[in-house]
Amino acid sequence: MKILTKIYLVALLLVVCSKISAQITYQQFTIGAGAGAATAYAGADLPQTKAAFYAGACYYPVPVFNFGLEAQSGTLSGMPAPGSHDLKNFSNSYKTLILDANLYLGVFFNGQQNGFLNFIRNFYGGVGYGVMFDNIDNVNLANPGTTNNLTNTLKVISFKSGYEFNILKNSDNEPLLKADLSTRLYYVNGKGLDGYYERFAKSHSFYTCYAIGLKYTFVMKTSYTKGYKKYD
């Protein structure tokens with residue numbers, strides 16, 4: 001089974017590489033920003049959904065793959081359930097900086113001759129790694145009448161899926177403005193997303209973010225792209 005798995009992965013890698021090499025006739029660079037709703041699943045009974053904002057830059061060596069740097073800022077919070085013995089109540093004004101890479105479904109096929117494939121090729125998935133900077137106010141469990149304030153830094157692994165499409169093109173039929181709809185899951189490594197470090201606190205936590213954003217696109221043409229391909 002392990003041998004078959006390795007063969008499959010190698011075959012898949014060869015297919016991806018061949019698809020990418022066949023399309024490497026232009027590059028894109030984008031800058032963009034967006035907003036969404038973030039929810040923390042940490043130690044509190046009732047996760048609260050709060051606003052989050054992001055800005056970032058991406059480089060597309062080919063249309064079906066990109067890597068980028070993103071900064072995100074927002075609030076994560078939670079509160080106790082009515083009548084609960086667990087009094088955890090926190091508000092985390094956080095900032096993250098994440099480097100990620102994303103692969104689009106279009107790497108596996110040419111959707112230009114098929115309407116359905118042309119639509120789904122813009123779905124993508126990706127992973128990233130970064131740092132989270134937290135500024136937390138929480139209720140002191142030993143003395144519920146007082147509030148603690150603390151800061152910490154945690155490592156974050158991100159998982160992202162979404163759909164990206166052009167909403168505006170220039171006179172050369174090249175992308176100018178893109179819309180990006182995404183769902184993100186963040187694995188936070190270490191205690192302290194909620195500011196609590198008690199004995200039974202979990203060694204990790206999660207938060208999610210559902211976001212919508214815009215990307216302004218720059219198309220970079222190089223001297224070797226004699227057979228320059230237009231965008232769809």
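User: In what kind of interaction do the side chains of lysine 215 and glutamate 164 meet?

Analyst: Side chains of opposite charge can pair when their charged atoms come close. In this predicted model, lysine 215 and glutamate 164 meet in a salt bridge, with 2.8 Å from N to O. The two partners come from distant parts of the chain, lysine 215 from strand S8 and glutamate 164 from strand S6, 51 residues apart.

User: Is glutamate 164 buried or exposed?

Analyst: Burial is judged by a cut-off of under 20% relative accessible area. Glutamate 164 has 5%, so this residue is buried. Lysine 215 counts as buried because its relative accessibility is 11%.

User: How many salt bridges does the structure hold?

Analyst: There are 5 salt bridges in the structure. One of them joins glutamate 70 to arginine 184, whose closest N and O atoms are 2.8 Å apart. This pair links strand S3 (residues 65–79), which holds glutamate 70, to strand S7, which holds arginine 184, across 114 residues. Glutamate 70 is buried at 10% relative accessibility, and arginine 184 is buried at 3%. Lysine 160 and aspartate 100 form a further salt bridge, with closest N and O atoms 3.2 Å apart. Here strand S6 supplies lysine 160 and strand S4 supplies aspartate 100, 60 residues apart; both residues are buried.

User: Which residues have the most contacts inside the largest nonpolar core?

Analyst: In soluble globular proteins, nonpolar side chains tend to be buried together. The largest nonpolar core here has 20 residues, and Leu76, Tyr94, Met132 and Tyr207 have the most contacts inside it. Among the elements that give two or more residues to this core are strand S1 (27–41), strand S2 (46–62) and strand S8 (204–220). Another core, of 7 residues, lies apart from it and includes Cys58, Val62, Tyr104 and Tyr124. Beyond its neighbours within four places in sequence, tyrosine 94 is in contact with residues including Ala38, Leu76, Met132 and Tyr207.

User: Which residue of S8 stands opposite alanine 38?

Analyst: Strand pairing is read from the bridges and their direction. Alanine 38 stands opposite cysteine 209 in S8 and opposite lysine 50 in S2. S1 and S8 run antiparallel and are joined by 15 bridges. S1 and S2 also pair in the antiparallel sense, over 12 bridges, and form a hairpin with 4 residues between them.

Technical notes. Residues numbered from 1 in each chain as written. Predicted model: local features only at pLDDT ≥ 70, side-chain atom pairs only at ≥ 80, totals over all residues. Heavy atoms only, no water. Core = buried A, V, L, I, M, F, W, Y, C linked by side-chain atoms within 4.5 Å. Buried < 20%, exposed > 50% of the residue type's maximum accessible area, 1.4 Å probe, protein only. Contact = heavy atoms within 4.5 Å. Pairing = 2+ DSSP bridges. Salt bridge = Lys/Arg side-chain N within 4 Å of Asp/Glu carboxyl O.
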